[in-house]
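Subject: Structure for your files

Hello,

Here is the structure we spoke about. My notes on it follow below.

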Amino acid sequence: MSAHFLWSMNDLMRLSEHPHPEVRRWACMTMRSLYREQGVSILDRLLRDPDSDVLSEALSYLEAYPHPSYKGALLKLYTTRNDPVVGRCLSLLGRMKEDGWVKVFLQRVRSGKAKSAEIMNAIEGLAELGTGETRSILREVLTQAIRLEEPFLVEEVVEGLLRAGEDPSFLLGFCRNKHESLAMTILSGFTQACGAEHLSEEMEGRQAKSFLKKKLPPIVAESLTHLEKRGLASVAKALRKAFSKENYREVMERAWAEMKGWKADVEGRGGAVSWSSPLTFSYRIMEAFCGNAEDGPPESLRPMAVAALVILSQWVDRRCFVPPLHAEEKDLFKTLFEDRMTVEMDDRLIERALETFSWETVFERSLAQLRHHPDSLGTLRALRVLGKLKDPSSIPHLVGFFKEKATKEALKECGESLKGMGPFLISYLEANGNKLTAQEWKNVLFVLADLPYAGADDLLIRHWDRLWIEAKKPFLAALEGIASRKFIDPLRKEWRKGEVADGKTLLVLCLLYGVKDPILPQIEREVEEDRKKRERRIQLFDEGGDLSQERSLSVELQCRLCKKSYHYELRDVYILPTRKEAFRIMDKIVCKNCKAVNQYEVPTEAMMAITALAVITVQMVEEGKWDPVLSPVKFAEAGLTDGRRMSFEEALKQYEKDVAKAPQDPALRVGYGNILAKMGRWEEAVAHFEEALRLDPLAVEAYYSLGEYEADQNHLSKAYEYFRKAADRMGQGHYYRTKDEDQLKEAIVTGLEKMRSALGIKETPPQPLAILPPSSGEKTLHGPPSEPKVSRNAPCPCGSGKKYKKCCMPKKEPEEAPETSTTPEEQILRSRLASFSMNSKYRGDLEKAYRLFFRKRFRPLHEMEEEERIRFYLFLDWFIYDYPLRGGITMVEEFSRQKEERISDKDRFLLQWGKESYLSLYEVRSVTPNRGMTLRDLFTGEEIDVFEVSGTREIVKWDILFTRLIRMGSVNKLSGIATTLPREVKDEVIPSIQDLWAKAKQEEGLETWPAFMKAYAHRVYHLTVDRKEPEPTFVTEEHHPILASQAIYDVLQFDPIRERLLREFDFLLAEESEQSLSFDWLKRGPSKAWETLPLTEKAVVLMSQILRGQGELKWSSLGKVELTRQRLVLSCLSKERLERGKVRL
């Protein structure tokens, strides 16, 4: 079957010049996987690429297919570019036997400029060069590593020296004579050169807690057990006995004898030993061990004996011999497929098998090895043989091998063999894809990533839903590798904010095909942030910083309902050492796909990430370098009110006792519910929260917790009701266990907003009261906010346990205040009077009165501004009741005369009371909310009780009102419009009014105050308007003088500052763009407490508030923070705020 890749070499060469680095990186990666050494010329340009990720991909290409022609480019790259990835040039140059970099490296090491990764690559490069000069340099590096006590570096340098040809005896003498404290670390480098991967800590036996004479170190026991499994039981028994008796010299001699004996046996049978590098090192090192075992006390030989056993166990897996040229079939295949590690000689054995035996024989023997010995190391060679045969009939066997519990190396070799099948594999999957297990698909997808043939895209789209759920990571790799345009639309539907891998794949596909999508800028920002985070970690590692101090941990969790996996930032994970479950995630996890709450599985990778961070956190806390409260992974403790620290189980027992003693205490019920909720026992927690509400209907935390629970259960309507009740009670409610009321309030409003959005509830937010300047501000009196209605059959809020209808409803309902003090009849009559007065018949009177009252020309109502329109209603009140028309009667009298026959008796009384009313100045002496107030007439001294509902929510004691009082028999009411005046009006305006009244008495005989006000109310209004306002002093809420102030900082690291501000409770993100962020600095959390100065006379307090939700919550703003990549600017309205803000930042 002949087929061509979807992407030609010319396509990829062209794309390597694309302006976007992600496309250049993809082109390099794809060229390497498809065309291997044939496409290496793509590196001509990419080794000069300015982007670190592209350069890293180019170096990976060269590491896979080193080409001597790039020596010069690598040298120039290392000597001219300051980039963390360029250190990899050194190992490449060493492999190419180029030493032009060595002097530059030495200068960087001696000046302290060389980074950790650079030094590691240099060690490998120096080892590859293997000259006397490089060995001398490595000795210098070893001396420095020992002086700095860097065990990991010591191990790497020792291994490098051995690979560079250093005499093992020299290093053994160096170890024993000069640095006995680091003996095991140096010997660990010996074992690594022989192929072992054990850490020096394991070899020292630190994991066993004790190193008793009668108890073998774990690494020794492990090595001896391995020898027994490999058929060397008698040798293992003798070594165990010698080690137990502390005869360490015998241990080394027996190990060396076993190695020499096997070599002699092979050569005696006419075979030849296959000398792989680790095997060569094993012989050289073991010979050196025995040569140096004569000196020193037995205890000094112990580390060498441990290392000898480790090396012997590695040697057993690597030993290999080549049978004689005309060996029988069974001997050749026995050697080829024996359970040992692969060595260089095996490629010759495979070629020899293919030349000697028939295709069918080789095929059948290889398949038999797969079927009968899937976990054998020899199966690696069987897979390689099948890959060379390229027989499509082996595809089912190779795909089926993915189900076996094989090593990573075997799975990789199986994948390589399947890649050689090319389009035959795609045809097989088209016919059998539905039969594959999830494990088989995961491995096959990594293979398909390197097989962009026609039909591969349709195959993946056909299985899209299943693969996205069961094998997302390799599926994304296949989507990016094949890179078909057909993937863009379904991938666009799958993408969710914060999914960097998904977004990166979508971004590459859109860029490849020139598809423009509005979400691409967001994806690019996330990809860039992820790249910078990785660079910061590398930098922190190079500088020896602590990588554990992260405030959040990103892990991938799988939803139980929709089965899709997404990444989430965890900030609150508790380790539970005394329970079956290792940890509990306390963060609320809302599925990014189906919105299910806390319905997730924790995959193995996430468990490992959490466990690793827990280990690091413990270590850093013990060293005093980290506050455990700041870590996202914490150990399960709960703080009680008496200050003791307890585990969840201890706290639970304590609460059980406390609740039993005081079952009527709502605070205990809330605390008990909190502990139960943290332990995942929500059903029990709900019962205690409900009991807390029965005991105290104002327990805000209980409402919030129940709202959280109902939201988690997807009972959105119930959750909304609980959040709304919590929001209604935030101001006057009770808080029992929360450490920060402000944070709880913010959480309540956030929960309420989410439920409104989910349910599509559109509520009209409360409008702020329009208050005019003190000399002329009218207040429109509104009704009270609606209180939550209690169902007749619901439990009574008083906590009696009875139904509402049989408890407080009969007592409460008659006492409940009406929405307003104005009756429907009064409202209708006022409306009729206003309509009658605006009749065109009286237009001339209206305009004349308007000019008299406002001292300016009349303007139609629709042309007036809002403030002027409110004042117009005060004028209309005066025009209806006090202004004399051309006939000398008032508008209310005109209305009564014309409508005499069509008005009711009740209306006649209302009209008569209105005729007798007058405007006046009153001082508020007391206010009874939702009931009324007591006013004192400033000119007559009379005190009047007024029935007024809506006004009591806006008027306060000692206010001065310019309003009309209507006396309705035994009830007194306000006409509906009131102008509030400053309290200073008594001293400033009243004398002028009294002078005007005295003049009116003398000239017009207006002896009584009502008569005077009926005639001169408009003049009194003028006096209040014309009063000279004193120059105010503007101050902040803390009563500090207003002074616009700024502090400006240079920004060195944008991303850490951005992340920290986003986490802080008193900084609220207001706006965000690609290059800048704007925060409101709020008076809450760490910035809540302020000392308030005494308020000076004539001071005006300027307030700026941020409304949350639909006005349920308000936060005072202290300033603004503008953050760009170049600078941070803090702006405040006072010097005091600026100084406090600088300290906070």
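**Cavities**

The structure holds 3 cavities of 30 Å³ or more. A cavity here is a set of points, on a 1 Å grid over the protein atoms alone, where a 1.4 Å probe fits but cannot get out, and its lining residues have an atom within 4 Å of a point. Grid points are joined across faces, edges and corners, and a volume is the space filled by probe spheres set on the points.

Before the details, two remarks on the source. This is a predicted model, in which local features need pLDDT of at least 70 and side-chain atom pairs count only at pLDDT 80 or more, while totals for chains, interfaces and linings use all residues. Residues are numbered from 1 along each chain as its sequence is written, and side-chain values use heavy atoms, with hydrogens and water left out.

The largest cavity has a volume of about 110 Å³. Its lining consists of Glu 826, Leu 829, Arg 830, Leu 833, Tyr 881, Leu 910, Leu 911, Gly 914, Ile 966 and Met 968. Two or more of these residues come from each of α41 (824–837), α45 (905–916) and β15 (960–968); helices (H or I, at least four residues) and strands (E, at least two) are DSSP runs, numbered from the N terminus. α41 gives the largest share, 4 residues. By class, the lining has 7 nonpolar, 1 polar and 2 charged residues, where Ala, Val, Leu, Ile, Met, Phe, Trp, Tyr, Cys and Pro count as nonpolar, Asp, Glu, Lys and Arg as charged, and the others, Gly among them, as polar.

The second largest cavity has a volume of about 50 Å³. Among the residues that line it are Cys 559, Tyr 568, Cys 591 and Tyr 600. Its lining divides into 8 nonpolar, 2 polar and no charged residues.

**Strands**

Cys 559 also stands opposite Tyr 600 in β7. Strand β3 (residues 553–559) and β7 pair in the antiparallel sense over 2 bridges; two strands pair if DSSP finds at least two bridges between them. Both belong to an open antiparallel sheet of 3 strands, in the order β4-β3-β7. Its edge strands, each pairing on one side only, are β4 (565–570) and β7 (600–601).

Further along, strand β19 (residues 1067–1072) pairs with β20 in the antiparallel sense over 5 bridges, and the two form a hairpin with 3 residues between them. Leu 1069 has Phe 1079 in β20 as its bridge partner. β20 is also joined by 7 bridges to strand β23 (residues 1113–1124), again antiparallel, and there Leu 1077 stands opposite Leu 1123.

Why is β20 largely enclosed by the rest of the structure? The reason is that 6 of the 7 residues of this strand (residues 1076–1082) are buried, meaning under 20% relative accessible area, with exposed over 50% and partly exposed in between (1.4 Å probe, protein chains only).

**Ser 484**

Ser 484 lies in the loop between α29 (472–482) and α30 (488–494). Its relative accessibility is 6%, so Ser 484 counts as buried. Its side chain makes a polar contact with the side chain of Asp 457 (3.1 Å). Such a contact is a pair of N or O atoms within 3.5 Å; within protein, one must be able to donate a hydrogen and the other to accept it, and residues adjacent in sequence count only if both atoms are side-chain atoms. Leaving aside neighbours within four places in sequence, Ser 484 is in contact (heavy atoms within 4.5 Å) with Asp 457, Leu 479, Leu 509 and Tyr 513.

Regards

Terms used. 1 Å grid on protein atoms, 1.4 Å probe; cavity = no way out; pocket = protein on both sides within 12 Å on 5 of 7 lines; lining within 4 Å.
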